Every structure is written in C-alpha cells, then in structure tokens.
Amino acid sequence: MFERFTKDARAVVRGAVEHCEQSGTGSGSVEAEHLLLALLDREGSRASFTLTALGLTTDERKESLRQALRDARRRAGLSQSEADALAGLGIDVSEIVARVEEVHGVGAMSGDRRSGEWWSGRRTFGRGAKNVLEKSLRIAVAHHDRHIGDEHLLLALTILPGVPGEVLADHGVTHEAATRVLYGGGEAKAG
C-alpha cells in the first residue's frame, strides 16, 4: 500500500513514527494521534492547505489541538464524549485520573512514563493507525485518486471514530468541511 503514497503522505508516516518515539509511550506503537500530530507539522501540502482553510492557521490553534490530544492521553485515551458519557453514569474521569496520578505520578494512565528500557527496531502500527491507513486508501479510491496523499490521511482521521476525529471536529475540521475544501463540495461515498 505504501507504494501508492505520495511524498507528502510518506512524510506524514515518517513524522508519526518520530512523534511516537518522542512521546515516550511504553508500547512503541504508532497510533492515529501520531498521524494527526505529523499532519499538523506539514507545510505546503494539500492537508496543510485544508487545515489552514478550516481555521487552523495559527500556532495557538494548533497548540490547542495538541493540548486536547495530551488531555485525552492523560484520560487513558478516552475521548471527551466518552468521559462525558461516564459522567452521566456518575463516574468522574477527572477524579479518577487525579487519584491515579496522586499515587503513581503524572501521566500514569497515559503510558507517558518511560520504562527505562532501550528499544531498537521498527515501529509497529497500532489498530487506530492501521484503520487510518486503510481508510485513506478507501477514500482515495472513492474519489478516483490514483495516489494516497496526506489529504486522504486527514479525511480518514476526520471520519473515523475516536479521539483524533473528535479533537479535529472540536476545532472546526469535520469530514464534510475538509471534503468541501478539497473537492469543492462534491462528495464521494467512502465505504
């Protein structure tokens, strides 16, 4: 599948691996959030143009998005809507995080604490990142695009459930809005 990726899409995947390595998470798997962080780093690509057109023009707005991802990671990957649903059942996720961090340290639920082990080898891709890559292929095919670009990765992140899609939507980057910017309003069905 990677042979169909444009240089911009390949750069996003490489950037996601770098974000994974810098995050210090114990699992070592590249996740969907790493792909989103790598997309935020891009300049001069179709995805960066789309993000700019949809209001992620300033470093302050991008930092707000990054902070929302960090907040979700502190909640052990729960999206805000999941935390809200649990609150409806009387479960205060913030209180749980605070208590766990009180005993085990800040970031205990996020996996951000380094284990002290040195890791060498290829990064694996977690289920969420694999879903984004697979969905980007389907989106490219649905739009009759011959290659998978970083814009297809962005569209996949906006359409798949989970923290990255929710955080993007909270910042005004929805699947419908991104599709309008990229394709001028005509939407192909991405199965």
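These are my notebook entries on a predicted model of one protein chain.

**Ground rules**

I'm working from a predicted model, so local features need pLDDT of at least 70 and side-chain atom pairs count only at pLDDT 80 or more, while totals for chains, interfaces and linings use all residues. I number residues from 1 along each chain as its sequence is written, and side-chain values use heavy atoms, with hydrogens and water left out.

**Overall layout**

I started with the elements and found 10 helices and two strands in the protein chain. For the record, helices (H or I, at least four residues) and strands (E, at least two) are DSSP runs, numbered from the N terminus. Reading from the N terminus, I get the order α-β-α-α-α-α-α-β-α-α-α-α.

Next I looked up burial, and 45% of the 191 residues count as buried. Buried means under 20% relative accessible area, exposed over 50%, and partly exposed in between, with a 1.4 Å probe and protein chains only. The accessible surface comes to about 10300 Å², and 50% of that belongs to carbon and sulfur atoms. Those areas come from the Shrake-Rupley method with a 1.4 Å probe; for residues, only the protein chains shown count as cover.

I also checked how far contacts reach (contact means heavy atoms within 4.5 Å). Among contacts between residues at least 6 apart in sequence, 65% join residues at least 24 apart.

**The covered helices, α8 and α9**

I went through α8 and found nine of its 10 residues buried, so I noted the helix as mostly covered. The buried residues are D150, E151, H152, L153, L154, L155, A156, L157 and T158. Their cover includes α1, α2, α3, α7, α9 and α10 (175–183).

Then I took helix α9 (residues 163–170), which is largely enclosed by the rest of the structure because six of its eight residues are buried. Those are V163, P164, G165, E166, V167 and L168. Covering them I find, among others, α2 (32–41), α3 (46–53), α4 (59–74), α5 (80–88) and α8 (150–159). Just after α9, G172 takes a positive phi of about 85°.

**How α1 and α2 pack**

Two packed helices are described by the angle between their axes and the distance between the axes. For helix α1 (residues 7–23) and α2 I noted an angle of about 115°, with the axes 8 Å apart. Axes are lines fitted to C-alpha atoms, for helices over the stretch in contact, and angles run from 0 to 180 degrees between N-to-C directions. On the α1 side I listed V12, V13, G15, A16, H19, C20 and S23, which meet H34, L35, L37, A38, L39 and D41 in α2.

**Salt bridges**

I searched the whole structure and got six salt bridges. The cut-off is a side-chain nitrogen of Lys or Arg within 4 Å of a carboxyl oxygen of Asp or Glu.

I looked at D41 with R66, where the closest N and O atoms are 3.5 Å apart. This pair links distant parts of the chain, D41 being in helix α2 and R66 in helix α4, 25 residues apart. D41 is partly exposed at 42% relative accessibility.

R46 and E151 make another salt bridge, with the closest N and O atoms 3.1 Å apart. R46 is in helix α3 and E151 in helix α8, so the pair ties together parts 105 residues apart in sequence. R46 is partly exposed at 37% relative accessibility, whereas E151 is buried, with a relative accessible area of 7%.

E63 and R70 also meet through their side chains, at 2.3 Å, N to O. Both ends are partly exposed: E63 has a relative accessible area of 34% and R70 has 30%.

I checked R4, in the segment before α1. The C-alpha atoms of R4 and I148 are separated by 5.8 Å, though the two residues are 144 apart along the chain. Leaving aside neighbours within four places in sequence, R4 is in contact with L137, V141, D145, R146, H147 and I148. R4 is partly exposed, with a relative accessible area of 29%.

I flagged H144 for a positive phi of about 60° although it is not a glycine. H144 sits in the loop between α7 (127–142) and α8, and it is exposed at a relative accessible area of 73%.
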